Structure formats: structure tokens, C-alpha cells
Amino acid sequence: MATTKRILKEVERLNKDPVPGILAQPIEGNIRYFDVLMDGPSQSPYAGGRFKLELFLPEEYPMAPPKVRFLTKMYHPNIDKLGRICLDILKDKWSPALQIRTVLLSIQALLSAPNPDDPLANDVAEQWKTNEKLAIQTATQWTQMYAKPSQ
Amino acid sequence: MQYVVPRNFRLLEELEKGEKGTGDGLCSYGLDDSVDDPVNMEYWLGTIFGPGHTAHENRIYSLRIFCGKNYPNQPPKIKFVSQISMNGVDPETGVVSAEQIGVLKNWRPSTTMLTLLKELRLEMASPNNRKRAQPAEGLEFPARISRSGERSESMPW
């Protein structure tokens, strides 16, 4: 099956030439299902944290985008309580030319550039707009509490 | 390799479907938001609108659903919050018997929470149940959440 070949190729490249700060490994028994560890970008409230995500390639992949969510609790205006991520390339801006690698890089970039004008978590976005300093402080605290690499 | 949707992504699909609305609106469900950290998507709430021309007509039944780690390979646990008298439902607790109710007994990974609620609704209208005397409307089974308030797979309510 062509899709399986493409997935295997992507996995091979992720292993050979890993993205710095991102580790994506297929979960045993399902080549479409990945465990992901992502380091928070430096210069962001997520710096020093290591975040857990899960990624699944649906049957229509690569014609449909991967499904991804955070498993680590996040304080971010574009990530909701279930870890679901509001990002255009995971929805209408998806293109089959994108890959697991590019998706994960975009998510990491989203951590550096929260967008409270297109919120998924409304209360967090509100806080971000009214008192950005406090919002960043909370995000930093949550990183310390929930995303320490030892956990 | 066989195409399998992992538990969490299957539950996210069900959640999205439930949020959009389930068609006729006779059965609905959603995540229980009162849980501190809902990331594991274990605790759900459901409602069934009582079938017409039965003792359940015009009643709204609330239910709790628990999806364990092995969902959907294993069926969820489900209990009525609203009091009901019905075959296969524990008269003390409202817990639906996995041995006596067909949709749980014959559970397959393709069965969803919506199917489960719809099947229970059909069961309410079955000859055994449709004319049974019912407790007064609005009563609830005792919430048997453990004293510490902690919930777990062995005691999800």
C-alpha cells in the first residue's frame, strides 16, 4: 500500500535525521500511532519543559492531516483542556506536501507564538489579552509543574 | 496491517460527533466537564429521551458512562443517574448489567456510545419494560462515589 510506504519513509527519516528537540516514535503494533516528546522552545514560557503528545495518521492520510494532541497539561490560548490544538495546517490549510516532521515543527513554533485572537481555550486567551505578563507567568508555572523532563 | 484507530483518537471522534449533535436528539452524550483533568476522556454523561407510548414517555434520563483504558475493545461501564425500573438495570444503583443487556454483552469495537444509548432506549420500549411502573420523575439513584471523592475504573461513580 502506497500510504504505508510513505509512512515508513517518514519514520525512517525521523529516525535518521531527527528534528532537534522533537522525538517521535511509532507505538508498537500500530504504524500510524506515534508517541511524541517535544521540548519547549527557548525564549518562551515553555522553555525547559518536555511535553508529551500523541499523533495519529488517519486512513485518508496524506490527503487528510494527522491528528495530534498534547497529553501534558498546557496553558496556551490555542490548546484546550483535552490537549487539542488550534492550528491551520491541522485543518483547512493542510496539504499532502506537509509531513509529520513539518506538523511537529509548526506545533513547536506555536508554543513560541501564541495567538490569542484565534483561541481554542477562551479563558486562557482572555487572560493573554488582558494581562499578558500574568498569562506568561502562569504558562511558566505550568511548565514547571507538569512538564519537567523527569516526569 | 489492519487499520485501527487508537482509543484516544476514537474517543475524540465520538466527542466531536456528540458536540455536533446526534441527529434526532433522542440520545445525546458528552464529556463530564467536572473532572479536574479530562485528558484521559474516561468520564462521560449521556441522556435518553424516554420513548413515546411507554411508561418512560416525556422523561429525560441522565446516565454516566465510563470508558476504560481498553475501550473500545472492551465495552464502557454505564449507569442510570435518574431512577428507572428496567430489566438488566440494578434497582439499587442504576448500573446497567453487562451480562443482561445485549448491546454490552455483544459489544464490538465498532459499537459507539451513541449506539449504546440508542439500544438502551429500544430496550426501554421492549415488551418487558414498556409498561412497567416507574419511580416518581426526578428521583436519582444514590451517587456511590467513594468517600474521598476519588473515582477509578473499579469505582467510577
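Visitor: Which residue in β2(A) is the bridge partner of P26(A)?

Guide: In this predicted model, the bridge partner of P26(A) in β2(A) is F34(A). P26(A) itself belongs to strand β1 of chain A.

Visitor: Why is P26(A) called partly exposed?

Guide: A residue counts as buried at 20 or more other C-beta atoms within 10 Å and as exposed at 12 or fewer. P26(A) has 18 such atoms, and is therefore partly exposed.

Visitor: Which residues are in contact with P26(A), leaving aside its neighbours within four places in sequence?

Guide: They are V11(A), I31(A), Y33(A) and F34(A); contact means that the C-beta atoms lie within 7 Å. As a separate C-alpha to C-alpha value, P26(A) and L55(A) are 9.1 Å apart in space and 29 residues apart in sequence.

Visitor: What does UniProt list for C86(A)?

Guide: The unreviewed UniProt entry lists C86(A) under "active site". This residue lies in the loop between β4 (67–70) and α2 (100–112) of chain A. Its count is 18 other C-beta atoms within 10 Å, so C86(A) is partly exposed. Leaving aside neighbours within four places in sequence, C86(A) is in contact with N78(A), D118(A) and L120(A).

Visitor: Why do β1 and β4 of chain B count as edge strands?

Guide: The open sheet of chain B has four strands in the order β1-β2-β3-β4, with antiparallel pairing. β1 (27–31) and β4 (77–80) each have a single partner strand, so one side of each is left without a neighbour in the sheet. The twist averages 25° from one strand to the next.

Visitor: How do you know that β3 and β4 of chain B pair?

Guide: Strand β3 (residues 60–66) and β4(B) share four bridges in the antiparallel sense, and since at least two are required, they pair. Within this pairing, I78(B) in β4(B) is the bridge partner of I65(B). Helix α3 (residues 113–124) of chain B lies across β1, β2 (43–49), β3 and β4 of chain B, at about 140° to β1(B).

Visitor: What is noted about phi at H53(B) and N58(B)?

Guide: Most residues other than glycine have a negative phi. Phi is near 60° at H53(B) and near 65° at N58(B), each a positive value in a residue other than glycine.

Visitor: Which residues are joined by a cis peptide bond with omega of about 5°, and which by one with omega of about 0°?

Guide: Omega is about 5° between Y61(A) and P62(A), and about 0° between Y71(B) and P72(B). P62(A) is in the loop between β3 (50–56) and β4 of chain A, while P72(B) lies in the loop between β3 and β4 of chain B.

Notes: Residues numbered from 1 in each chain as written. Chains lettered and ligands numbered in written order. Predicted model: local features only at pLDDT ≥ 70, side-chain atom pairs only at ≥ 80, totals over all residues. Helix = DSSP H or I, 4+ residues; strand = E, 2+ residues; numbered from the N terminus. Contact = placed C-beta atoms within 7 Å. Axes fitted to C-alpha atoms, helices over the stretch in contact; angles between N-to-C directions. UniProt positions renumbered as here; feature names shortened; annotations may be inferred.
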